[in-house]
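Hi everyone, thanks for coming. Please have a look at the model on the screen.

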Amino acid sequence: MKSPIIVALDMGPNNALDLAKEIDPQECRVKVGSQLFTIGGPLVIEKLNDLGFDVFLDLKFHDIPNTVRKAVEATIKMGVWMLNIHSLGGKEMLRVAHEVIEKASIKPLLVGVTVLTSLNDKALKEVGLDHKTKDHVLLLAKLCETEGLDGVVCSPNELSILREKMHKNFLLVTPGIRSEEANKDDQKRISTAASAISKGANFVVIGREITSHNDPKGKIKQILETV
Ligand code: C5P
């Protein structure tokens with residue numbers, strides 16, 4: 001089986017590669033976000049691929065359609081397994097990104113970010129979005145589905161409603177994962193990996209719970225046992 005765990009390598013390239021050598025590509029995939037990519041660039045993706053990992057490039061592209069088209073084209077050339085764009089970039093931007101993938105000979109998965117798991121109703125209101133978080137996530141997920149994306153990134157709180165409302169192959173990628181006893185850090189809409197998967201998540205993105213653990217490989221195994 002391919003593991004549902006995606007480890008968020010939120011650190012510099014040396015630490016990320018050291019950690020990647022400790023864990024097993026059969027037991028997890030890895031996520032390269034803005035911190036690691038800003039320092040390590042395409043080379044870090046190449047090295048992670050060489051170590052056998054599927055790489056999710058999490059740069060949440062959010063720009064005018066033409067710029068996103070170019071960014072997605074460049075991402076495809078790096079040989080990533082999955083990439084994301086921010087669904088607040090609008091329908092046209094989503095459509096253009098999907099078109100680029102459709103034309104590629106090797107097609108990475110394309111998912112849309114809905115509402116960051118660090119935000120809640122109050123935080124959305126502060127930026128002028130007067131919707132309930134759940135309604136806003138559903139609206140954005142429907143937009144992504146209509147524009148042909150493979151799925152969305154959403155919090156554990158929206159999994160049940162999205163599993164019910166979206167088509168059955170629509171991928172749900174869920175960060176905000178914490179074990180029962182863990183610290184929430186800056187995440188607000190959280191759950192355990194087992195609960196997220198039982199509610200329909202295809203993939204769980206886990207950062208600090210694994211990367212700050214003194215035995216990351218052991219922690220991955222332990223989480224895999226619970227799912
Ligand atoms: O350390 P932690 O498990 O909180 O890391 C969660 C990861 O998921 C981070 O890399 C963060 O950038 C990412 N993420 C998120 N919420 C989203 C999209 C990505 O927390 N909506």
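I'll go through some of the salt bridges here, pair by pair.

A quick word on the ground rules: this is a predicted model, where local features need pLDDT of at least 70, side-chain atom pairs count only at pLDDT 80 or more, and totals for chains, interfaces and linings use all residues. Residues are numbered from 1 along each chain as its sequence is written, and side-chain values use heavy atoms, with hydrogens and water left out.

Side chains of opposite charge can pair when their charged atoms come close. A salt bridge here means a side-chain nitrogen of Lys or Arg within 4 Å of a carboxyl oxygen of Asp or Glu. How many salt bridges does the structure hold? There are 15.

Let's start with Lys31 and Asp58, whose side chains form a salt bridge at 2.5 Å, N to O. Lys31 sits in strand β2 (residues 29-32) and Asp58 in strand β3 (residues 55-61), so this pair ties together parts 27 residues apart in sequence. Strands are DSSP runs of E, at least two residues, and helices are runs of H or I, at least four, numbered from the N terminus.

Are these two buried or exposed? Buried means under 20% relative accessible area, exposed over 50%, and partly exposed in between, with a 1.4 Å probe and protein chains only. Lys31, at 8%, is buried, and Asp58, at 7%, is buried too.

Asp58 also meets Lys60 in a salt bridge, at 2.9 Å, N to O. Lys60 is partly exposed, at 30%.

Finally, Arg69, Glu92, Arg95 and Glu99 are linked in a salt-bridge network.
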